[in-house]
Amino acid sequence: ATIETEEIGVLEADPGRLQQVFENVFRNAVEHGGSDVSIRITAMEDGFAIEDDGPGIPADDRERIFEEGYTAGGGSGLGLSIVRTIVDAHGWEITVTDSAAGGARFEITGVEFVTDQPVNAEAVP
C-alpha cells in the first residue's frame with residue numbers, strides 16, 4: 001500500500017490511541033482494497049480524513065461497520081469498533097462516505113488543533 005499525507009496540523013490526543021486509529025483504518029483499507037491500495041490523509045476545517053481508492057463501503061453498511069463483531073469478511077470485526085471507541089473517547093465524531101476515487105473516506109471531525117506547539121519528536125510524549 002502507499003500512504004500520502006498532507007499537513008493536517010498539530011492536535012492534542014493520546015498518541016498511542018491515535019496511532020491505533022490510523023493502524024486500524026490502514027489495515028482495513030489493505031484487507032479490502034489489496035496490497036496496492038492507495039491511502040491518503042487530508043486536512044479538513046475541523047478535523048482530518050483518511051481515504052482510499054479501494055472498493056468503498058456500501059451506504060447501507062456505513063453505520064454497521066463500527067459495530068463490534070461486524071465484518072465484511074475475514075476480519076475479527078473489532079478494528080473499526082475500536083476506532084469509533086477511540087474517536088468517541090477524544091470527543092470527536094467519525095463518519096464514512098465515498099472518497100473521490102470511489103473508495104472509503106473516514107472523516108474525523110470535532111478535532112481541536114493546537115498551533116502553539118512545535119511539530120517534532122520532542123513534542124510527542
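# Close-up views of a predicted model

**View 1. R40 and E4 form a salt bridge whose closest N and O atoms are 3.9 Å apart.** R40 lies in strand β2 (residues 38–44) and E4 in strand β1 (residues 2–5), so this pair ties together parts that are 36 residues apart in sequence. A salt bridge here is a side-chain nitrogen of Lys or Arg within 4 Å of a carboxyl oxygen of Asp or Glu, and by this rule the count comes to seven. The model is a predicted one, in which local features need pLDDT of at least 70, side-chain atom pairs count only at pLDDT 80 or more, and totals for chains, interfaces and linings use all residues. Residues are numbered from 1 along each chain as its sequence is written, and side-chain values use heavy atoms, with hydrogens and water left out. R40 is partly exposed at 32% relative accessibility, and E4 is partly exposed at 45%. Buried means under 20% relative accessible area, exposed over 50%, and partly exposed in between (1.4 Å probe, protein chains only).

**View 2. The elements of the protein run β-α-β-β-α-β-β from the N terminus on.** There are two helices and five strands. Helices (H or I, at least four residues) and strands (E, at least two) are DSSP runs, numbered from the N terminus. Of the 125 residues, 38% count as buried. Among contacts (heavy atoms within 4.5 Å) between residues at least 6 apart in sequence, 62% join residues at least 24 apart.

**View 3. The side chains of E63 and R84 meet in a salt bridge of 2.8 Å, N to O.** E63 belongs to the loop between β3 and α2, while R84 is in helix α2, so the pair ties together parts that are 21 residues apart in sequence. E63 counts as exposed, at 51% relative accessibility.

**View 4. R105 and E107 form a salt bridge, with the closest N and O atoms 2.7 Å apart.** Both R105 and E107 are buried. Elsewhere, salt bridges that share partners join E4, E6 and R40 into one network.

**View 5. The buried residues of helix α2 are L80, S81, V83, I86 and V87.** Their cover includes α1 (15–33), β4 and β5 (104–109). S81 sits in helix α2, which spans residues 79–89, and is buried with a relative accessible area of 9%. Leaving aside neighbours within four places in sequence, S81 is in contact with I65, F66, E67 and E68. After α2 comes G91, whose phi is positive, near 80 degrees.

**View 6. D53 lies in the loop between β3 (47–52) and α2.** D53 is partly exposed, its relative accessible area being 35%. Not counting residues up to four places away in sequence, D53 touches V37, S38, A101 and G103. D53 and D36 are 17 residues apart in sequence and 9.5 Å apart in space, C-alpha to C-alpha.

**View 7. E45, D46, D88 and E93 form a negative surface patch.** Patches are made of residues with over 30% relative accessible area and no salt bridge; like charges are joined within 9 Å, and nonpolar side chains (Val, Leu, Ile, Met, Phe, Trp, Tyr) within 5 Å. Lys and Arg count as positive and Asp and Glu as negative, with His and the chain ends not counted. E93 is in strand β4 (residues 93–98) and counts as exposed at 54% relative accessibility.

Technical notes:
Accessible areas come from the Shrake-Rupley method with a 1.4 Å probe; for residues, only the protein chains shown count as cover. The place of a charge is taken as NZ of Lys, CZ of Arg, CG of Asp or CD of Glu.
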